[in-house]
Amino acid sequence: MDIKVIAEVLFFLVLVLLVAKPMGNFMYLVFDGKRNFLSPVMEPVEKFIYKVSGVKDSGQGWAEYALSVIAFNILGLIVLFAIMMFQQFLPLNPQGLKAPEWRLALNTAISFVTNTNWQAYTPESTVSYFTQMVGLAVQNFVSAASGIAVSLALIRGLVRKQTRDLGNFWVDLTRSCLYVLLPIAIISALFLVWQGVPQNFSGYTHAVTVEGAKQVIGQGTVASQEAIKELGTNGGGFFNANSAHPYENPTPLSNILEMLLIILIPAGLIFTFGKFVHDIKQGRALFYAVFITFAIFIAGAVYYETAPNPAFAKGAAVTNISAKDIPSEGKETRFFGGASPIFSVVTTVTSCGAVNNMHDSNMPMTGFIELFDMQLGELIFGGVGSGMYTLLLFALITVFLAGLMIGRTPEYLGKKIGPTEIKLTAAASLFSGIMMLVVSAIAVYVPGAAASTMGSVPHGFSQMLYAATSTAGNNGSAFAGFNANTGFWNLILGLNMFVARFVPMILVLMLAGRFAAKNVTPVSVGTLPTNDALFAFMLVMVILLVGGLTFLPALSMGPIADHMALFSGIR
Amino acid sequence: MKQIIKTSLIMFVILTVITGILYPVAVWAAAKVLFPFQAEGSLVKKGAEVTGSVLIAQDFQKPEYFHPRPSAVSYDAANSGGSNIAASNPDLAKAVLDRADKEKKMNPLNTGLIPMDMLTTSSSGLDPEITIKAAQWQTKRVAAARGLDEKTVLEAVYKLKEGALLGFIGPDRVNVLKLNLYLDTVKAK
Amino acid sequence: MDNKQENKQDKKQMNSLVIREALLNCLMKLKPSDMVKNPVMFCVYIGAFLTTAYFVYTAASTGGKTMDFFTLHISVWLWLTVIFSNFAEALAESRGKATADTLKKMKKDIFAKKTESKDSTQFTMVPASSLRKGDLCIAGPGDLIAGDGEIVKGIASVDESAVTGESAPVIREAGADRSSVIGGTRVLSDMIVYAITSNPGESFLDKMIELVEGAVRKKTPNEVALNILLTALTLLFLLVTATMQPYATFMKQSFNITWLVALFVALAPTTIGALLSAIGIAGMNRLLRINVLAFSGRSVEAAGDVDTVLLDKTGTITLGNRQADKFLPVKGVTEEELALAAQFSSLSDDTPEGRSVVVLAKRRFNIRQHEFGAADKVNFIPFSANSRMSGIDMNGEKIMKGAAESMVEFVKTLDKNCVIPEDLHSLVESVALKGSTPLVVSRNAKLLGVIELKDILKGGIKERLLQLNLMGIKSVMITGDNPVTAASIAAEAGVNDFLSNAKPETKLALIKKYQDEGHMVAMIGDGTNDAPALAQADVGIAMNTGTAAAREAGNMLDLDSNPTKVIEVVEVGKQILITRGSLTTFSIANDVAKYFAIIPAMLSGMFPGMAALNIMRLASPSSSILSAIIFNAIVIPALIPLALRGVPYKAQSAAKLIRTNILIYGLGGVILPFIGIKLIDMIVVALGLAH
């Protein structure tokens, strides 16, 4: 690794450190209903929305909160599906695109509602500008806001005592959109336009190239879409090549902004949590646990992506190719160096799924890191909101194991963890992992499954595993050599995304309800400290151990075997 | 339950209007004023006709032009994407060797090592840039084809070079379309 | 001494008996209906069946020509794993059973002298089992008490050693706080009439037998919670293993069923799964050993959670009575002069306070108890509630002591013109402010000074309270004293808080207040008026000497009636949880090494490069897998002593405790199996069990 790349990695990590805390503090003001610098602008809008929709800022119990989340998201799913199926009758369709096959449309609708943005389709040739704007982009906002809302409910459950009140979903949803997502998206979108990202309603450009060939260039409201796609950790690209497309991510600078946007809310929310529990050290311990793991993953990915691919060494002997260069297949020139692997880790630890290079062409161990990032449960920062609540679930498991070792009924933030709580916690935190295993196993028996894959046997297996993992992790990135656009895959992966999103959400809300009803045990020296370095360490160990034990066999048969074969030359 | 569904509906409509219509339109309007060139796709025009976008690679075959990196989608800007071929896939090594042969045939004057980025497809298939090394590799051919001396062409490359951001982020690189258009003006001299 | 020797021998005998019984029982527990209660071990059990069947099937299908000895070895070790687990539980249970058996013997063949009225001496002999609530019985010297009861008439000394293990007889009498008797205990002297308070099968003895036998042992909430987590992990690992086969199918390969079962068993948290119930039972037994009976496992666990302990001042923090601590003479009087007078005034005073004055005088100035000659005209003036003073009239000289105001008035009656010393008032005030009681001493009309009567802390109580503080437990002193007195004693003893002017209602209210704030409260009590508070507290320890009402209300019973026992109870409660947590951590940490043994072994056939992951350099795939399974099995019996004894616990902060335990059981749990598996692998190869 040369010094420039190390500098690049450190530079990005420092940026994350710089933005996370202020963002967290700001979100605390917003979600605790305190006045902030946006209040003068947004408060009238907020009041107007409540008035029109008949929302009163009264607390909801867990069941009502959950019903609101589900109702709102199901409605979103139906509307989005309908928009796609009728897009040829709707405006802003300069290419005259027809309705996609219904299973693809359903898969896509689920994908955007669940904040996954798995793209089984090629956007340029499948969805109209109207579908992108009014359908997909809206879900980019509200699916992110739904995630934030559920995490807030869990935090409130942990903080409040002897109450049913988890806050109000409609209020959380509205505030997420108005105060957090919208302002940042507007500014970032303009920044991206400055860097070269288009924002227009023109039809595709028909160019005649310098050498006289014809070239059709896709256009559209790319910048506005791109900003919210990263900020909401959605990841669904305006174009097929996603953030590798020069129109989505034209410069190294735009790339840094996009990576920061992805991590901004997930990282900030951890500090928001610290503020909510009136002990910023609680937030800090969780943050550093996550941050250090994140840094290690980045170091690993950067290491493998900046060392040469041994496969070319043999070729170099017969012809004069520069085999010592970094692996550049599936990478953009402007993202050579650290930019590609850092982005890959950023997008897989958060449940974003945007890509600025083709993961399928990465070195096997980078693929391992990408897979493992997602398999840990999307909690190393994780998705917007979902990362926060999943991280808290693992904190609960850690407290449960460690708490016993100090001789008390385990408690987190003064809330005792009894049988029902541990049941809900275990189910919610292990659910997506179980889906990853089950779906990838079922896939084996699907006729033609092997034909959907590409490359060596272990790599083919990795592709399938990646598809199951990415959808259950609500990530959306892919080993894209895998052909997922078949009727079967669209249905099973759609189902996977749906249950892996909403089952844990409901369980988390139930858990929040149970915690809220409990009293808080006061802190004493007999209390397990959950705000220090030791706890952060234990949390990391529990996360790695549970994830490792669950997925190492599968990973051994995929990327690890692939790596061993590639580097040893033994097949 | 009824109340919840009603609230859902109203909320959904309002948020759709705000985030799905007002938001992109606002960005569009502001961009049109602030950055009209970028907003329209950074298009290069010759008269009324669009030659291409500086951000989108186009196919160059002729020896007098610098060539962009190989594209897995044949530079189809309405269908971007990479090869997605695995690093461990023997087909990749084979493809690289095939391209190396072609490059050697294309640049018979050059005996140096062929930079890897000229032998691998980009992620989008529309990568508008090549590394300085890749440009240097092609300089002899371009100069010969254009009847210019190598130094002049190299100067053009350095003139249009994009350095690393802050000195350490990204490689030294050059935009192929910009370079070729610039060379065309040099030739005209 | 004698007792200890006897105990030791008893123990030895018991141990061999216990182990023999446990060995038998652990095989009995192989019944599926028993096994299914422990989900983790049940899965291992099924695995053992599968591999055994697989072995038999391969042998049978080839007519005995190919014997899959690897599968046979694995099967044997899987069965052993299950049996070791059962043994741990059986061993823990049988210790209790041995105790229960002696108790049962006691219950047998008791006859009761049933009577019609408490004033009658007529009785009929009936079997104890026929007695019902409310029946009256008579017991004289040598008689066994037929059932739990309340003395309605008489007083007797009773030998309760059979139940409590305490050999000194205790006094039981009607109408007092010590009126209850336990069935199976023996009257040593005197005669009592008692009313039966429980029906057969519900008596204290029955309860105790049930408890120690573990027949009614319900899983505690925390044990249930841990079980859920372990079951969840087990199911997850089952899935991990099960999906390996489809994955292999994708590679057009397949795994041997024995390998898959082995992988699953190695991954499943078998160590803690095997020892979990033994830990709980052993914990109850440990409580029993410190002579505390817990009526529910829940209360034992709650004891570990307790963060507030209510302690009665008298008898727990201080000795029962106040004692003279200092002589404070007024100006112009020497201390010795005062001491001498004080001693005289107390000669007739038989109260503990009075005696303590004599003792103090002797200690300070070596003043011997005065021997009165025949010539002395001595008249003792006893204490009366009216005069509020006492003393002596010796040869016309009146030496008195008493409350300040009474004494001032008194000397004025002797000499109207007597001078009240200027500094007397301030002396009295200063003593009262400290929370002590001032007694003023006079010789005739002259006021000499003040005796300070003080509450004396019990030996060792300060250290005990300090320990509580270290554990993060708040101590609260309960006293009927006024706030000033209470505050001073509280400060001296080092309790964190106190409740003065305590009444049963205020005590109850205090507990509720603490509970509302989220605290877990423990208290110990004996009187009937303690009952509501005992019932309200999360851990209510009733003293065995206490009333039946108190014993009913508490969820634990201290057979020694030692008020500081609550601290030991808390420690036992914590120890159970710590042991569970530590072994769970150990169990899961073990998986890392087992992975490194099994995964390369399973996959190196499929992917030759995988052998690089065999970092322990184990001999062969089959030796690796077998070694991991053997390690997995023998770690269970190796940990049984720890599970039964409990992880050592000493009072310290949670932060320190977690650091130590993470290091030992977490890090140790990662490292130890690497060494263990490697060693076993070497042995396995040397013995030729695998190649």
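Is C:Arg617 buried or exposed? I looked this one up to get started: C:Arg617 has 9 C-beta neighbours inside 10 Å, so it counts as exposed. My cut-offs are these: a residue is buried if 20 or more other C-beta atoms lie within 10 Å of its own, exposed if 12 or fewer, and partly exposed in between, with C-beta atoms placed from the backbone. C:Arg617 is in the loop between α20 and α21 (621–645) of chain C. Its phi is near 55°, a positive value in a residue other than glycine.

**Ground rules**

I'm working on a predicted model, where local features need pLDDT of at least 70, side-chain atom pairs count only at pLDDT 80 or more, and totals for chains, interfaces and linings use all residues. Residues are numbered from 1 along each chain as its sequence is written, while chains are lettered from A and ligands numbered from 1 in the order in which they are written. Helices (H or I, at least four residues) and strands (E, at least two) are DSSP runs, numbered from the N terminus.

**Who touches whom**

I started with chains A and B, which have the most contacts among the two pairs of chains that touch. Two residues are in contact if their C-beta atoms, placed from the backbone, lie within 7 Å. Chain B puts 90 residues into this contact and chain A puts in 102. On the chain B side, α1 (2–34), α2 (36–39), β2 (49–53), α3 (90–106) and β3 (129–131) each supply at least two residues. I noted that α1(B) gives the largest share of that side, 23 residues. By type, the chain B side splits into 49 nonpolar, 31 polar and ten charged residues.

Next I checked chain C against chain A: 56 residues of chain C are in contact with 51 residues of chain A. From chain C, α7 (221–250), α10 (297–305), α20 (565–603) and α22 (654–686) each bring at least two residues to that side. The largest share, 16 residues, comes from α7(C). I get 33 nonpolar, 15 polar and eight charged residues on the chain C side.

What about chains B and C? They do not touch, and their nearest C-alpha atoms are 14 Å apart.

**Chain B on its own**

B:Lys133 has 19 C-beta neighbours inside 10 Å, so it counts as partly exposed. B:Asp172 is 39 residues from B:Lys133 along the chain, and their C-alpha atoms are separated by 8.5 Å.

**A strand in chain C**

β17(C) pairs in the parallel sense with strand β10 (residues 308–312) of chain C over five bridges; two strands pair if DSSP finds at least two bridges between them. Here C:Ser475 stands opposite C:Val309. Strand β18 (residues 497–499) of chain C also pairs with β17(C) in the parallel sense, over three bridges. In that pairing C:Met477 has C:Phe498 as its bridge partner.

**Spots in chain A**

I ended with A:Asn475, in the loop between α17 (457–472) and α18 (487–517) of chain A. A:Asn475 has 31 C-beta neighbours inside 10 Å, so it counts as buried. Leaving out residues up to four places away in sequence, A:Asn475 touches several residues, including A:Thr116, A:Met374 and A:Glu378. A:Met374 is 101 residues away in sequence but 7.3 Å away in space, C-alpha to C-alpha.

A:Asn242 is also buried, with 32 C-beta neighbours inside 10 Å. I place A:Asn242 in the loop between α8 (222–231) and α9 (252–276) of chain A.

Methods: Nonpolar A, V, L, I, M, F, W, Y, C, P; charged D, E, K, R; others polar.
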